[in-house]
Amino acid sequence: MNKINVSIVGASGYTGLELVKVLLKHPRVMIRNLAVRTDAGKPYSELFPILKGQCDQKCVDIDVEKIANASDVIFFGLPHKTSMEIIPQFLKFGKKIIDLSADYRLDTEKRYINAYGVKHLDKGNLPAFVYGLPEFNREKIRQTNTVANPGCFPTGIALALMPVLQAGLIETETILVDSKTGISGGGKTPKPAFHFPECNENVAAYKVASHQHEPEMEQELSKMAGKPVDIVFVPHLVPMTRGIYNTIYTRLTKSVTAAELHNLYRKWYQDEPFVRVLEKGQIPENKHVAGTNFCDIGMVISGQRLILMSAIDNLIKGASGQAVQNMNVMMGLDETLGLN
Ligand SMILES: NC(=O)c1ccc[n+]([C@@H]2O[C@H](COP(=O)([O-])OP(=O)(O)OC[C@H]3O[C@@H](n4cnc5c(N)ncnc54)[C@H](OP(=O)(O)O)[C@@H]3O)[C@@H](O)[C@H]2O)c1
């Protein structure tokens, strides 16, 4: 069977490394180019010794024509604001593109400016990108060449809320979302708050009700609900390397029993390979999804309140695993290839 030629631009980052680890296990993939900004010429395993003997191929410069001509699929693990400078140069080659940054997730430039504080350099291509949450947009992903991979916070939050939003079972005016994230969510470049003595044995909220993922969530959750959804999002940095844990406080629009709600979730996700609805009364834990592409969901009803909890690995279902899941959908492959 023919192999799919895959390249990664920004291969030297955290999501790049996770992409390589997943793609090495993928039976249909040949990794063609590991493109980097600063370490071209070095073996990939010199950057990441964990892959010694498994991925010793040399990193290359970001040579647009060479990479595009050699690839069927190109992943981009670049910072936001950089993706929109580099991706337009690749688009004319008509290859499948999966961007892990936030640059093509928002539908309009206005939203982008609100979230990221700068003009979008490639706003004409925003409509061409499909928001890559397969559980919501599978058919659109199947038909597109360009996918904007969702943010790590929005992924777990959207999967937890989608069934009740689409069923009209919760109020959409004020959904309170409390999230905890591990340190790798910030990428490999050191920042003071992520310095070990600062974050070890510490918990702190940050970007309270002003995080750049909030507009992304409101955009996608509103599509699910068919009406505007307003959320209050408070992320916290906690001393773990990877993982995201969401606790979501909502109000039910009508009385439902815990069993009815649980059944709704079970049915909703029964054919989804990567969403696990836990047994009634069970609470998700980050350790149970670490290193996997799973999103675990738990729920508790207290009077008219519904409290949802979800856990993902930020680097897998929140980034590189989901990106490979999207590639599988785009290429018409079994969605779980490389991910089980
Ligand atoms: N970390 C997560 O949990 C997570 C989850 C979901 C989405 N994302 C998104 O995924 C993207 C990558 O995240 P990450 O955590 O992998 O970041 P990272 O660890 O900081 O890696 C960034 C990569 O981009 C390259 N790069 C930086 N500036 C560049 C420039 N001006 N030109 C060319 N290459 C440049 C870096 O190359 P050098 O090595 O040469 O500096 C590195 O390969 C980001 O947009 C992030 O928001 C991250």
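This is a short tour of the structure, stop by stop, with something to select each time.

Before you click, note that residues are numbered from 1 along each chain as its sequence is written. The model is predicted, and local features need pLDDT of at least 70, side-chain atom pairs count only at pLDDT 80 or more, while totals for chains, interfaces and linings use all residues.

**Stop 1: the two domains**

Colour 4-128 as domain 1 and 153-314 as domain 2; these bounds come from an automatic or database domain assignment. Their C-alpha centres lie 27 Å apart. The contact between them takes 10 residues from domain 1 and seven residues from domain 2, where contact asks for C-beta atoms, placed from the backbone, within 7 Å. Now pick helix α5 (residues 109-116), which gives the most to domain 1's side of that contact, with four residues. Helices and strands here are DSSP runs numbered from the N terminus (helices H or I, at least four residues; strands E, at least two).

**Stop 2: the six-stranded sheet**

Select the open sheet with parallel pairing and read across it as β2-β1-β3-β4-β6-β5; two strands pair if DSSP finds at least two bridges between them. Which strands stand at the edges? They are β2 (29-35) and β5 (130-131), and each has a single partner strand, so one side of each lacks a neighbour in the sheet. Helix α4 (residues 83-91) packs on this sheet, touching β1 (4-9), β3 (73-76) and β4 (96-99), and its direction makes about 175° with that of β4. That angle is taken between N-to-C directions on a scale from 0 to 180 degrees, with axes fitted to C-alpha atoms, for helices over the stretch in contact.

**Stop 3: the seven-stranded sheet**

This open sheet has mixed pairing and the order β8-β9-β7-β10-β13-β12-β11. β8 and β11 (275-277) are its edge strands, each with a single partner, so one side of each has no neighbour in the sheet. Zoom in on β8 and β9 (residues 231-237), which run antiparallel and are joined by two bridges. There, A204 stands opposite L237 in β9.

**Stop 4**

Follow the chain into the loop between β8 (204-205) and α9 (213-225), where you will find K207. K207 isn't a glycine, yet its phi is positive, about 45°. A209 is in the loop between β8 and α9 too, and its phi is near 55°. Buried or exposed? A209 is exposed, with 11 other C-beta atoms within 10 Å, whereas K207 has 13 C-beta neighbours inside 10 Å and counts as partly exposed. (The scale: buried at 20 or more other C-beta atoms within 10 Å, exposed at 12 or fewer, partly exposed in between, with C-beta atoms placed from the backbone.)

**Stop 5: the core**

The largest nonpolar core has 86 residues, and V20, L34, L161 and I297 touch the most other members. Such a core is a set of buried Ala, Val, Leu, Ile, Met, Phe, Trp, Tyr and Cys residues joined through C-beta atoms within 7 Å. Helix α7 (residues 152-166) supplies its largest share, 10 residues. Domain 1 and domain 2 both give residues to this core, so it lies between them. Show the surroundings of I297: among its contacts beyond four places in sequence are L159, Y265 and L308.

Definitions and conventions
Contact = placed C-beta atoms within 7 Å.
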